[in-house]
Amino acid sequence: MKDTICAISTPAGIGAIAVVRASGDEAFEKLTPLFPNINLNSLPPQSAKFTQIFDNDQVIDQVVVLKFAAPHSYTGENMVEISCHGSLYIQKKILELMIEQGCRMAQPGEFTQRAFLNGKLDLPQAEAVADLIDSQSESTHKLAINQLKGSFSKKLNSLREQLVQLGSLLELELDFSEEEVEFANREELNRLLDELGTETDRLLHSFKVGNALKTGIPVAIVGQPNVGKSTLLNTLLQHDRAIVSPIPGTTRDTVEDTFVINGTPFRFIDTAGIRQADDSLESIGIERTFQAIDQASIIFYMVDASRADFASVKAEVEEFKVSTDLTDKQLLIIANKIDELKTLPEHYKDWHDMDIIFISAKRQVNIGDIENRLVEYIQQHHIQDVSLLTNERHYALLSDMRTAIGRIRQGLADEIPTDLLAEDVRIALYDIGSLTGTISTDELLDNIFGKFCIGK
Ligand SMILES: Nc1nc2c(ncn2[C@@H]2O[C@H](COP(=O)(O)OP(=O)(O)O)[C@@H](O)[C@H]2O)c(=O)[nH]1
Ligand SMILES: [Mg+2]
C-alpha cells in the first residue's frame, strides 16, 4: 500500500486562499478526524463540501473540501484537496494536522510522479506539467499544453511501433538463418529505416527552435560601432535598456532583453559591435559578440544608410556573409538612419539580392517592418502549431536513437550479420522506451521529478 503524502500546493506566502492536499490509498480515513461535521468517507466521490476543519475541538478554519476517489484524480489515488484561507498559520496548521494523522510530507514532484507510476501520464506528459507551470508566453504555453495532451507521446509511440516492426522483420530472419530462406525484404527494411530517420531528424531539427522558445528566440543585433544597434534595441523594447552614445565602442558587453511579439518571446542581444578593439575590455565585448552570433537564430546586421561610402558598406556586409556560418540562421540587413537621407539613394537598388529593411531607429520609422519579419519567422518555423522538441533529455535520447538507425541503415548496405543489426534495434527501442517512460530507473525519475516544486 502507498503511504499518504501531503503538501501545500499554492506558493509560499499569503494569498486570499491556499490549497493543501493529500494523496494515498488511505487519504479519506486519515483525514476523517479533521472534519467532524461531515463524513469524508461517505461523501460522494468527485464532490466539494463547505465545512470546518478542527484541531480536536478547536475550529481552525472554514474550508472547502474536495474529494477525488481513485482512479479519477490527478495522481490516480484517493485525494483530498482543502481550500483554506491563505494565512500562513492556517496553511501550516493544516499540514501539521495531516502529519499528526499519519500523512507524510511529499517530496518535490511526488504527486506527479505518482500520476506517472499509476499510468495517468507518461513521462513526456509529466514533464509537460513542469513546462506548463513555467510557461510565460502563449508559445511556450501552447507547446506544453500540446505535450500534456499527448500529441508528442503519440508521435513517439508511432516511431516505437515502426521500430518494433523493423525488429520483428529482422528477428524473423534470425530464426530461419539456418535454412536457406529468403532474407527479410531489404527494400521494406530500407523504407522503414528512411521513414524513421526522416521523422527523427525533423524532431531533432525542431529542438533548436523549441529550446530557444523557453528563453526567447535569440536575435543578435550586430554591426559596426555607432550604426545604432543600442538605439534599435531600446526602440524595440520601448524603453531605455542599453546606453546610447555617439562615442563608438560604448557598448562593451552584450545587453539583452526579451520582448513578446505575437505571443512568441524574442530575446534581443545588443552587441559590442564588430571592429578592431582598442583595449582589452572592448576586445572581450567583441568576443562576446561572436558568441552571440553563434547562438542566435536570427541576426540583424545593421549598417548606417546615411554613409556616403556605400560601396564599402556593401563590401562589409558581403564580408560578414562569407565569414559567418549562417546555417539555420536568418540574416536580415537593417539599414538605419534613413532620416538623414532626403531620398533613398539609387545605389541601394542593387541590394535586392539581400534581405534588407530601411529604418530610422531614432525616429522610429519602419520599426513595424522588423516586427512583421519576426512574425513571418514564427509562421515559417511553425512555432505555434507543431510539436517541437523542447526538452534536453528528449533530445539526447532521440539523437542516440538516430545514430542507431543510421548504423542499421549502413549495416544493411554493408551486409553485416543480422544479429548485429538486431542489437542496434534493441538500442533504439531502449532509447525511445526511456523517453516515454515505459523503461525507467529510480535515478531517472528522481532526476525528472526532483526539479518540480513541492505540492505538484
Ligand atoms: N540620425 C539618426 N541617428 C541615429 C539613429 N539611430 C541611432 N542614431 C545615433 O547614432 C549614435 C550611435 O547610436 P548607438 O545606438 O549607440 O549605436 P551602436 O554603437 O551601434 O549601439 C547615437 O548618437 C544615436 O543617437 C537614427 O535612426 N538616425
Ligand atoms: Mg551600442
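At what angle do helix α12 and helix α13 pack? The angle is about 165°, and the axes of α12 (residues 392-413) and α13 (residues 418-436) are 9 Å apart. This is a predicted model, in which local features need pLDDT of at least 70, side-chain atom pairs count only at pLDDT 80 or more, and totals for chains, interfaces and linings use all residues. Residues are numbered from 1 along each chain as its sequence is written, and chains are lettered from A and ligands numbered from 1 in the order in which they are written.

**Terms**
- Helices (H or I, at least four residues) and strands (E, at least two) are DSSP runs, numbered from the N terminus.
- Axes are lines fitted to C-alpha atoms, for helices over the stretch in contact, and angles run from 0 to 180 degrees between N-to-C directions.

- The angle makes α12 roughly antiparallel to α13 (over 145 degrees).
- Residues in contact (C-beta atoms, placed from the backbone, within 7 Å) include L397 and M401 of α12 and L421 and V425 of α13.

**The sheet**
- Six strands form an open sheet with mixed pairing, in the order β8-β9-β7-β10-β11-β12; two strands pair if DSSP finds at least two bridges between them.
- β8 (255-261) and β12 (356-358) are at the edges with a single partner strand each, so one side of each has no neighbour in the sheet.
- From one strand to the next, the twist averages 25°.
- β7 (residues 217-223) pairs with β10 (residues 298-304) in the parallel sense, over five bridges.
- A220 has I299 in β10 as its bridge partner.

**Helix on the sheet**
- Helix α8 (residues 229-237) lies across β7, β8, β9, β10 and β11, and runs at about 155° to β9.

Conventions:
Contact = placed C-beta atoms within 7 Å. Parallel < 35°, antiparallel > 145°, perpendicular 65-115°, else oblique.
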